[in-house]
Structure formats: C-alpha cells, structure tokens
Amino acid sequence: MTLLQLDGVSKRFGALTVAEAISFSVGEGEALGIIGPNGAGKSTLFNLINGTIAADSGTVRFAGTDVTRTPPMARCLAGMGRTFQIPQPFEKLTVFENLLVAGSFGARRSEADAYDRCAEILHDTGLIDKANVPAGGLTLLQRKRLELARALATEPRLLLLDEIAGGLTEGECLSLVATIRAIHVKGVAVIWIEHVLHALTSVVERLLVLNFGRVIGIGAPAEIMASREVKEIYLGIEI
Amino acid sequence: MTIAIPSALKVETRTKVSSISLFVAFAVLALGLAAPFLVSRGAVQDLFFILTMLVLAQSWNLLAGYAGLISVGQQVFVGFGAYAMFGAVILLGVDPLLAILIAGLLSVLLAIPTAFFTFRLYGPYFAIGTWVVAEVVRLLFAQWKALGGGTGTSLPREAVRDMVGVSLLRDLFGMKPAQASDAITYWLALMLAAATIGFIYRLLRSKQGLGLAAVRDNEQAARAVGVDARRMKALVYLATAFLTGLAGALIYAQKARISPDAAFSVTDWTAYVIFIVVIGGIGTVEGPILGVILFFLLQNFMADYGSWYLLMLGLAGILVMLFAPRGLWGAFSDRTGIQLFPVRRTLIGGPSIHQGGSSHG
Ligand SMILES: Nc1ncnc2c1ncn2[C@@H]1O[C@H](COP(=O)(O)OP(=O)(O)O)[C@@H](O)[C@H]1O
Ligand SMILES: [Mg+2]
C-alpha cells in the first residue's frame with residue numbers, strides 16, 4: 001500500500017527552481033534512499049514533504065489523504081517524523097525533555113505515558129547518559145543523534161532522515177545502520193538522504209537521484225549506481 | 001555488561017529547595033493576609049502596588065518569556081479592564097468587586113479581535129502592532145463622554161464605601177471606610193498574585209508548559225514534532241489578557257480615579273513591567289518576583305531625583321542586560337543551581353544516568 005505520494009510537486013525560490021515536477025511514491029514500510037550533489041534540493045524536498053515550506057504546485061498525499069495544505073504539526077500527528085540536517089534541538093530543555101515533547105505531543109500521549117518510551121529511545125540511540133543535560137550543551141554528533149531520537153519519539157509511520165551519518169567513525173556508522181535497520185524492520189517507512197553511500201545502500205530497497213531539483217533516476221540501488229548520469233554526477237566519489 | 005533499561009525509572013521535578021520554598025510561600029501568604037492589621041495604611045498601599053505590578057510582570061513574562069510574544073501594548077488590557085470596571089460601577093451600578101471580575105472577562109473578549117490583528121505580524125511588527133492597538137483603544141475611550149472623556153472621572157464615593165466587606169471590617173475591627181477598602185483591594189491583590197503565580201507554575205509543569213518551552217526554544221522544530229504553536233500562543237495571549245485586565249481593574253478600584261492617559265500609560269503599565277522582568281530574569285517564575293522588589297526599592301530610593309529617576313532605571317536595565325542577560329535571578333540560578341520553582345523533568349534510575357545541567361531558561 002502506498003504511504004506517501006508526490007505528484008508534480010514544484011517549488012521556486014525567486015529565480016531558482018529547487019523542485020521541478022517531482023513525482024514518486026513510497027510504500028508502507030519501505031526504505032528509500034535519496035542521493036544527489038549539494039544544493040540539489042534534497043533538504044527542500046523534505047521540507048515540502050513535511051510541510052515546513054508550501055509547494056507552489058503539485059500534491060502531496062500521505063496515508064490516503066491530501067496533505068498539500070496541511071501544516072507540519074498535523075502531518076506529524078498523522079505519522080511523519082523528520083530530522084533536520086542542521087540539528088534544531090530545544091536548547092534549554094534537557095535531552096530527555098526534548099524527547100518528551102515529541103513523545104507526548106507527536107505521539108498523542110499524556111506526558112507520564114511517554115516517560116518509558118522516551119527513556120527506551122534514549123537508551124537505543126546511545127543518549128541515555130546525557131538524559132538530564134541541556135541540549136544546548138551537546139556536540140554536533142550528539143545533536144544529530146538527538147534529532148533521530150526525537151523523531152522516533154513521535155512514533156512515526158514515515159521517518160525522514162537528513163544526513164545523519166556524516167562525520168561518524170566506521171564503528172559509529174555501523175551502529176547507526178543497525179539502529180535504522182531495527183526501526184525499518186518494525187515496519188516504519190524510511191526516506192534517508194545520505195552521502196555515505198555504503199551505509200545507505202545497506203538499508204534501502206530503492207534509490208532516488210536528485211539533481212537541480214529534478215528526479216533523474218529511481219530504482220534498485222545497483223541499477224541506479226550503474227547508470228551513466230549517476231556516474232557523471234558522482235565522478236570521483238567512491239562507492 | 002550492558003545496562004538494561006532501568007526498570008525503576010522515575011521522573012522528578014521537585015527538589016529539596018523547592019519543597020522548602022513551597023513552605024516559605026505559604027508562610028509569606030499567611031503573613032501577607034495579616035498585613036493590614038500589622039502595618040500602616042501607607043505600607044498596605046505600597047504592598048498593593050508591589051503585588052499588582054507583580055501580576056502584570058508575571059503575565060508579561062509568560063507572554064514574552066515563554067510564548068515569545070514581545071508585546072509593548074499590554075497597557076491596553078490595564079486601561080480597558082479599568083474602564084470596564086468603572087463603566088460597570090458608574091453606568092450599571094454593579095458592586096466594584098463583581099465589576100473587577102466582569103472587567104477581566106471583557107478583557108478576554110477584547111483580546112480576541114486584538115489577536116486576530118496582531119498575530120498576522122511577526123517579531124518587531126507584532127510589537128508595533130500591539131502598541132498601535134493600545135493607542136487606538138485609548139483614543140476611543142477618550143471620546144467616551146459618560147466616563148469623563150479625555151479628562152477622566154472618579155468612582156462614586158458611596159460605591160467604594162458600600163463595597164462588599166467594608167461594613168463587615170468596620171463592625172469587626174473598627175476600621176474607617178477608606179482603610180477598610182484599602183484592606184480589601186490589598187487582599188484581592190494578594191490573592192490575584194498568588195493565583196497568578198500558582199496558575200503559571202502549574203502550566204509550566206504540565207504537558208502544555210513543556211510544549212510552550214519547546215516553542216520558545218525552536219518553533220520550527222516544535223511544529224515538526226506535533227506541537228500546535230499557534231494555538232498555544234493564542235491561549236497564552238488570552239490568559240494574560242484576563243490576568244492583566246483583572247489587575248488593571250483592581251489597580252483603578254484602589255485609585256478610584258481614572259483618565260485615559262493614566263490608564264493606558266505605556267510607561268507605567270508596560271515599560272516598568274518590562275524593566276521588572278528583564279532585571280529580575282525573563283523566562284523564570286522567580287525573576288519577576290525579584291524584579292518587582294528591586295523596582296520598588298529603586299523607585300523609593302530615587303523618588304527625589306525627578307527625571308533623573310527614569311534615566312537611572314534605563315541605565316540599570318542596560319547594565320543588567322549587558323552583564324546578566326538572563327537577569328539577576330538567572331545569573332544567581334546559573335551559578336548556584338538553585339530554583340525555587342523548578343520545572344525541569346529529571347530522569348532518575350539506572351547507574352548510567354548522570355545528574356547534570358544547570359537551569360532551565
Ligand atoms: N528558504 C530558502 N530560500 C532561498 N533559497 C533556498 C532556501 N532553502 C534552500 N534554498 C536553496 O535551494 C537549493 C537547494 O537547497 P537544499 O534543499 O538545502 O539542498 P541539498 O539539501 O540537496 O543540499 C540551494 O541552492 C539553497 O541555497
Ligand atoms: Mg541538505
């Protein structure tokens with residue numbers, strides 16, 4: 001069953017077209033990877049999917065309803081969780097409280113009902129020993145983990161991950177992949193933007209390539225990586 | 001060994017200090033209730049001033065420090081509340097005490113169209129918008145001839161003398177009517193201040209308070225995790241309109257004389273209030289309490305210096321903003337970790353959890 005469907009979604013910032021007639025869909029429980037050079041419009045695509053910015057034209061459907069004009073708050077309640085490429089923590093709240101906001105509002109629970117689950121997520125994402133530290137005091141890597149943990153706390157059906165593996169050591173990257181796989185195995189659909197291709201391809205079933213706001217390929221990872229256009233864009237980048 | 005999820009997981013907001021401060025708060029409240037029997041009438045009037053300014057400061061702090069709505073037009077609710085109370089007493093013959101409650105409710109009604117207009121504006125434009133609304137309302141009231149137009153009017157002497165409770169105090173304690181009405185408005189101010197702090201503290205410790213703190217820290221992220229930021233801001237705006245309207249009506253019930261320029265004064269009801277919150281510490285419940293005491297002391301200390309007084313206030317405000325941007329209470333709390341009204345949810349249980357961090361903003 002289709003969970004997310006974009007039809008001809010376009011967005012311009014002045015003269016710059018950052019999304020041009022983008023159409024694709026993601027099935028329930030599917031994992032899709034998105035690759036493309038910097039400035040291709042990947043993060044903007046996430047903003048269009050979760051409603052942070054409004055599309056100029058086209059439609060976004062989620063779980064069977066048209067959400068093109070729905071604000072991000074309601075899309076989150078409908079089951080969309082996202083991370084921000086540049087982490088956006090609630091700086092004066094502790095790490096645990098950051099998750100509580102998501103776990104109570106995003107997952108429609110009372111605050112007390114969210115305690116256990118938030119503590120569990122902190123544990124799974126390796127943040128439990130930072131639970132009572134204000135998020136403003138975290139390092140960049142910890143902030144990225146918090147982005148993931150907070151998105152998970154909303155109990156999403158679709159998880160949007162924006163470059164959360166950059167700067168990790170080999171070991172950290174493997175444990176991140178294991179974490180995301182575990183989420184995916186539970187039936188959560190994932191769209192993952194990532195430059196670390198080996199991490200990405202070890203999780204996703206399909207790859208989408210974006211360049212200058214246009215989808216230039218979508219399909220099985222091996223097929224996509226073998227295509228001429230992708231090789232041109234990624235000339236010099238190791239796989 | 002891997003540490004499993006602590007089964008004895010606990011979340012706490014209380015601290016040792018906060019248990020003591022709850023006790024102290026009740027002691028202060030009890031002492032406050034007895035004040036009219038213990039101190040002079042002039043001192044009761046000073047306390048009344050401090051308490052009503054405290055209500056205004058707590059309200060503005062909730063609005064600006066938590067909901068991020070930097071309003072410079074809250075005097076609209078002071079003036080409107082005061083005029084609504086005068087109107088109900090003079091034109092409808094309502095008892096002043098009931099009129100104060102009506103004034104609070106009418107202020108909420110005024111806040112609905114005001115919010116409709118100002119919520120379309122962001123940042124500095126919102127601030128300017130609130131001020132414009134306040135000026136428009138002031139000019140409208142200056143046209144209202146039945147309430148004295150631009151020169152204003154007084155509450156009828158008998159309305160104050162026959163206020164609920166005055167005769168009781170006279171019979172029981174032999175108080176003069178003026179003294180009795182001062183005592184009554186003072187007690188109301190004490191209850192209003194206690195209720196305001198209690199309401200705000202409860203709100204901050206609730207799920208809604210957590211959402212509000214998230215909106216304050218990062219509105220975009222708050223929306224992305226399901227917090228309805230707009231609704232939350234609107235509700236805070238209405239709640240502060242109610243509290244500010246009540247305080248305005250109460251202040252002018254005690255003064256018993258009103259004019260548009262005084263009741264809608266941006267200096268008295270917004271600039272001073274912002275000063276109190278900023279020097280005390282914005283975004284904390286303790287800040288406005290400390291701020292209002294300092295403000296009162298400064299005002300008394302510098303009363304003889306005329307217009308130098310305003311200059312000194314401005315200077316004090318700038319110094320605090322430069323050297324203690326989170327206010328004096330914020331600086332103290334950052335250094336000592338002491339919070340009288342803690343709102344932090346501390347996760348306890350399991351050896352892997354460190355106790356860390358300083359204070360909430
Ligand atoms: N709010 C905005 N206003 C104007 N231009 C923007 C905005 N957001 C992104 N852009 C531009 O859109 C392009 C795509 O950005 P982005 O989606 O962040 O790319 P990617 O995530 O693929 O690196 C970039 O050229 C960027 O400068
Ligand atoms: Mg990006």
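Of the 361 residues of chain B, 52% count as buried. This value, like those that follow, comes from a predicted model. The secondary structure of chain B consists of 16 helices and four strands. Its radius of gyration is 22 Å, close to the 21 Å that the globule rule gives for 361 residues, so chain B is as compact as a globular protein of that length. The C-alpha trace of chain B spans about 80 × 50 × 40 Å along its principal axes.

Among contacts with a separation of 6 or more, 75% are accounted for by residues 24 or more positions apart. The surface of chain B was examined next. Chain B exposes about 16,600 Å². Carbon and sulfur atoms supply 69% of that area. Chain B carries 25 positive and 16 negative charges.

Chain A was described in the same terms. Its secondary structure comprises nine helices and 10 strands. Chain A has 239 residues, and a compact globule with that number would have a radius of gyration near 18 Å. The value for chain A is 17 Å, which agrees. Along the principal axes, the C-alpha trace of chain A extends about 50 × 40 × 35 Å. Buried residues account for 56% of the 239 residues in chain A.

Sequence separation was also examined for chain A. Here the contacts considered join residues at least 6 apart in sequence. Of these, 65% join residues at least 24 apart. The accessible surface of chain A amounts to about 9,500 Å². Carbon and sulfur atoms hold 53% of this surface. The charges of chain A number 23 positive and 26 negative. Their mean positions are 4 Å apart.

One sheet in chain A can be followed strand by strand. This open sheet has four strands, in the order β2-β1-β4-β5, and the pairing is antiparallel. The edges are formed by β2 (16-27) and β5 (65-66) of chain A. Each edge strand has a single partner strand, so one side of each is left without a neighbour in the sheet. The partner of β5(A) is strand β4 of chain A, which covers residues 57-62. The two strands pair in the antiparallel sense over two bridges. At the residue level, A:Phe62 has A:Thr65 in β5(A) as its bridge partner.

Conventions
Residues numbered from 1 in each chain as written. Chains lettered and ligands numbered in written order. Predicted model: local features only at pLDDT ≥ 70, side-chain atom pairs only at ≥ 80, totals over all residues. Heavy atoms only, no water. Rg over C-alpha atoms; globule rule 2.2 N^0.38 Å. Buried < 20%, exposed > 50% of the residue type's maximum accessible area, 1.4 Å probe, protein only. Contact = heavy atoms within 4.5 Å. Areas by Shrake-Rupley, 256 points an atom, 1.4 Å probe, with all protein chains shown as cover. Lys, Arg positive; Asp, Glu negative; His and termini not counted. Charge placed at Lys NZ, Arg CZ, Asp CG, Glu CD. Pairing = 2+ DSSP bridges.
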